[in-house]
Amino acid sequence: MPALVQPEFLPGTLHLLILRSLSAGPLHGYAIAKRIKDVSKKALAVEEGSLYPALNRMLVKGWLTAEWGISENNRKARFYRLTKLGAKQLETEAVEFDRLVAAIQLVMREA
Amino acid sequence: MSREISWYNEVKNKLAHLKGRSGFDESLDEEIRCHIEMRADELVAGGMTRKEALAAARREFGSTARLAEESRDAWRWNWLEDFARDLRYALRALRRDRGLAVTAVLSLALGIGVNTTIFSVATEFLFKAPSVRDARNMVHAEIGGYGSVGLREYRFLEDAGVFEGLAGYDENAEVNWRSGETSQRLFGARITDNFFEVTGAPIALGRPIAPTERGVVLVSHHFWKTSLNGDANVLGRVLVLDGQPHTIVGVLPANHQTLTGFGFAPDLYLPIEYLESKSARVGLYGRLPDGATPQIIAAKLQSAGAQLDQTYPDGDHKWAADIRVTRLTGIERLVQGNSDMKAFSAFFAMLMFVVSLLLMIACANVASLLLARAAGRAREFAVRLSIGASRGRLVRQLLAESLLLALLGTCAGLGLNLILTNLLNKVALPLPVPIRLAIEPDWRLLAYAAAVAAASALMAGLLPALAATRASTNEALKSGEHQLSGYKAKLRNALVVAQLAVSVIVLVTAALFVRNLLRSTSMDPGFDLEHTTWAQMRPVPEINPTEQNKLSLIRTSLDALRALPGVESASFTQVVPLNDDETNNGSVAGDVRAESMQLRYFIFAGSSDYFKTMHIAILAGRDFQNSDRAGSPRVVIVNESLARRAFGNVSAVGHTIRFDNDPVTVVGVAQNGKYFTLGEDDSLAIYEPYLQRGASHASLNFLVHSSIPPSAVSKSLGQTLLAIDPAAAVEVKPMNQATAFALLPSRAGASLLGVIGVLALALASIGLYGVLSYSVSRRIAEIGLRVALGAQRSDVLKLVLREGVWILGAGVAIGIFVSIFVNKPLALFLVPGLQPSDPPTYIVVAAVLVLVGCVASVKPALHALQADPATSLRYE
């Protein structure tokens, strides 16, 4: 198994990943981390130590709301939900991210 | 998304978070526990035992302490906490530099203290609301061009129902208070029965005057405290006023403000007694009906005025004309008010401008100090910048220091404000009307002080902060000396130049007002002030009820006064020049011209010998004679200016002149003079025999010209009048002391601005001295070197003085140039003949500043000369 990549190598990426994971519907913290790991085919690992502060920062900005609920296997969990503001933020950040990646790839290929 | 919205969201979310903060840690712990449980569930599914799985999940999760800390950080009020840290740091920095802190705070305290005091006085005079319920809805109405009307008209208008309630108020009522053996003249306000009902003015003790109730009185708090010794059982006490017993039914609160405003504070409120009297006049004060504006009311008053014109026709005068309805509070009163009100507002605006300049000078001083201090910390800043501190962060930190200084300065300044306003409250103004200030700190003052503190912090701190953090890291790190870079030195010099320029403006203003005072005190009013004594006698109206009684009283008194030793002549007058004014604005037509002119002129009504007594020259014709009485042909004496306007070059004597259609014969032309203010120029005036003018005032004025000094004659004058009417209130004063009203604007302007000017000069001198001595200390090594190489003392002196002279010259030149434009509007307050661009004033101000500048330069220069070359070279 290749070494897990920490997603913070580009600033703001973690926020983007969290926003994207939540776009399908509310998830709790554990599920967010798992979703990112699974979808990236285990290439990206979100450390819990970064995940929860990031979630709190996004709560402050008003991109997310949080409420307690019951998880799929009947455990108490705190679910995060994307707000309208968060959805908008995801849109703009996704566009910018694509441009950034494209630009980096261009440099890597051509320079 | 705009930054403001995101900032707003953050604040909102953080505020919401504050409410649930206590549960935050537990909630986070719970969330972490759930997370670990879920991971453990997964591991158990992979084949671990529950216990092993939990331990593994915990291990994987790692430390929860840092996570909790960072999560909590997200909710912090970073800028607020940064700010608090900056303030703490600033406090430490200022403690280290106590000298600077004390100088800066004192400088700001002076600037802010004086500034806020003028603000307090201005708001007291201009914006203090009268003590009425819902002051926004009270208006003063003028109708037919008159500010007050007779009772007949008042009642007509009240019945017309234009207002929700219309009260009549006569602020000029005087009464004699008989207390023991003496009578004292009191200032009262006569009010209609509904006054307290309409205004809702609060009463501290007792009750208002009931409808139709007579022989009752309300007293002011001041009168109760000072003249009735604050007697707790004052209600029911009887005052003998104008010979009639009046029962005290109420005491007004200490903070009572009359409808007149401007600190006008009568001793008493009395019901209008002479309901049928033709002479009683009241100002109209009404309450607006719901939703009505002054404009709507003015329109309704116009139709009421038209009905009034039909009911009581009054010659050419039309009540329906010249209607004016103004609110009693707010800016409208000042904007729509009469010209006196405007001049008054303009005076305070000018004062506020000048004290703002003073504050700017103080801020420049502090900025200059901070700039010098920043030089000493250049290395510290360079290091911090080079290790990654942002410039904004450093600027914020430096601004925190100036903010702290400004806050301390404002607190001290507010202390000064309280002391000064307290003094002002106690000062009895030398005026013929009772004006009492009751300045109290209020929300306006606090809001203004907060704004001033913020503005001072920015004015004093921004430039030095920007200059100090100006990125020249390399330079500052290389140089070991603590010295101003060329840029900072130039900035500091520029500050002093600006400071000097502003001081010139303040000083020129101050000097102009001082010159104005000197001019107006030495100004010839057109009559003899030095040998004239004014005796005012107020007989009790009830004892001398008829006009006939009063006339015989005047005749008896004049005869008695003329018989006194030392008295050369005595005369009676209804209006005392420079103290009262009676003017008319009406048509004037001399018989040599077909058309009439609309003129404003003063009216004086005197007895025989008026001109002889006042030493006013009769240029043509004659003085009044005893034969100018009621029933004999009407005569008038006009002043030169009016004679010229009405008759041109033709001699006026013997011609007929019509004042609003009344034909009278001109029997004399009198020399021009000053009639109400010393500032007036070329005013028009007419004199009529009082016996032909009719209805006299309640107070009788006798003017006496004596061969001995007024002080020697005044006692016998008073005794003589009291012997004739022991119940009368008699006041005697020399005419040269009775010009207070006329001189008040000049005196107030000169003393206020004189003090401000001296403060400005002191502050600017300190600034100049600081800069020069600093620049010398910077060059001690250079000077040492020069002296060691054989430079003469005079060379060194020249070197040091050159900088000072350059700064001085630039500052004074710019200041004078700017003042010439800025001071133009001052012409409004200056006596005729004195221009705002008065050259002597500018010369004196420039000379004073240059002198101060030289003194400020000499000490540093001497210091430089005394420097021992060996020591100063080692200093390097």
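Visitor: In which sense do β17(B) and strand β20 of chain B pair?
Guide: In this predicted model, strand β20 of chain B covers residues 685–689. Within this pair, Ile637(B) stands opposite Tyr687(B) of β20(B). Two bridges join β17(B) to β20, and their sense is antiparallel.

Visitor: Which residue of β19(B) stands opposite Val635(B)?
Guide: Strand β19 of chain B comprises residues 662–670, and β17(B) pairs with this strand in the parallel sense over five bridges. Opposite Val635(B), the residue in β19(B) is Thr665(B).

Visitor: What distance separates the end C-alpha atoms of helix α22 of chain B?
Guide: Helix α22 of chain B runs over residues 710–724, which is 15 residues. At 1.5 Å a residue, the helix should span 21 Å. The distance between its end C-alpha atoms agrees with that expectation, because it is 21 Å.

Visitor: Within what arc do the buried residues of α22(B) fall, seen down the axis?
Guide: The buried residues of α22(B) are Pro710(B), Val713(B), Leu717(B), Thr720(B) and Leu721(B). They line one face of the helix, because the arc within which they fall, seen down the axis of α22(B), is 90 degrees.

Visitor: Which residues on the other side of α22(B) are exposed?
Guide: The buried residues of α22(B) pack against β12 (532–538), α18 (547–562), β13 (567–573), β21 (700–706) and β22 (729–734) of chain B. On the other side of α22(B), the exposed residues are Ser711(B), Lys715(B) and Ala723(B).

Visitor: Is Phe262(B) buried, partly exposed or exposed?
Guide: Phe262(B) lies in the loop between β8 (244–251) and β9 (268–271) of chain B. Although Phe262(B) is not a glycine, its phi is positive, at about 55 degrees. Because 17 other C-beta atoms lie within 10 Å, Phe262(B) is classed as partly exposed.

Visitor: Is Lys41(A) buried or exposed?
Guide: Lys41(A) occupies the loop between α2 and α3 of chain A. Lys41(A) is not a glycine, yet its phi is positive, at about 55 degrees. Since there are 8 C-beta neighbours inside 10 Å, Lys41(A) counts as exposed.

Visitor: In what order do the elements of chain A run from the N terminus on?
Guide: Chain A contains four helices and three strands. Its C-alpha trace spans about 55 × 35 × 20 Å along the principal axes. From the N terminus on, the order of the elements is α-β-α-α-β-β-α.

Visitor: What percentage of the residues in chain A is buried?
Guide: Among the contacts in chain A with a separation of 6 or more, 51% join residues 24 or more positions apart. Chain A has 111 residues, and the buried share of them is 32%.

Visitor: Which strands of chain A are the edge strands?
Guide: Chain A has an open sheet of three strands with antiparallel pairing, in the order β1-β3-β2. Two bridges link β1(A) to β3(A) in the antiparallel sense, and Leu27(A) has Tyr80(A) of β3(A) as its bridge partner. Each edge strand pairs on one side only, and these strands are β1 (27–28) and β2 (64–70).

Visitor: Which element supplies the largest share of the side of chain A that touches chain B?
Guide: The contact draws 19 residues from chain A and 21 residues from chain B. On the side of chain A that touches chain B, α2 (29–39), α3 (48–61) and β3 (76–82) each supply at least two residues. The residues of this side divide into six nonpolar, six polar and seven charged. Its largest share, nine residues, comes from α3(A).

Visitor: What ipTM does the predictor give the complex?
Guide: Chain B has an average pLDDT of 83, and 93% of the residues score at least 70. For the complex, the predictor gives a pTM of 0.71 and an ipTM of 0.87.

Notes:
Residues numbered from 1 in each chain as written. Chains lettered and ligands numbered in written order. Predicted model: local features only at pLDDT ≥ 70, side-chain atom pairs only at ≥ 80, totals over all residues. Contact = placed C-beta atoms within 7 Å. Nonpolar A, V, L, I, M, F, W, Y, C, P; charged D, E, K, R; others polar. pLDDT = per-residue confidence, 0-100. Expected span 1.5 Å × (residues − 1). Buried ≥ 20, exposed ≤ 12 C-beta atoms within 10 Å, placed from the backbone. Arc of directions from axis to C-beta. Pairing = 2+ DSSP bridges.
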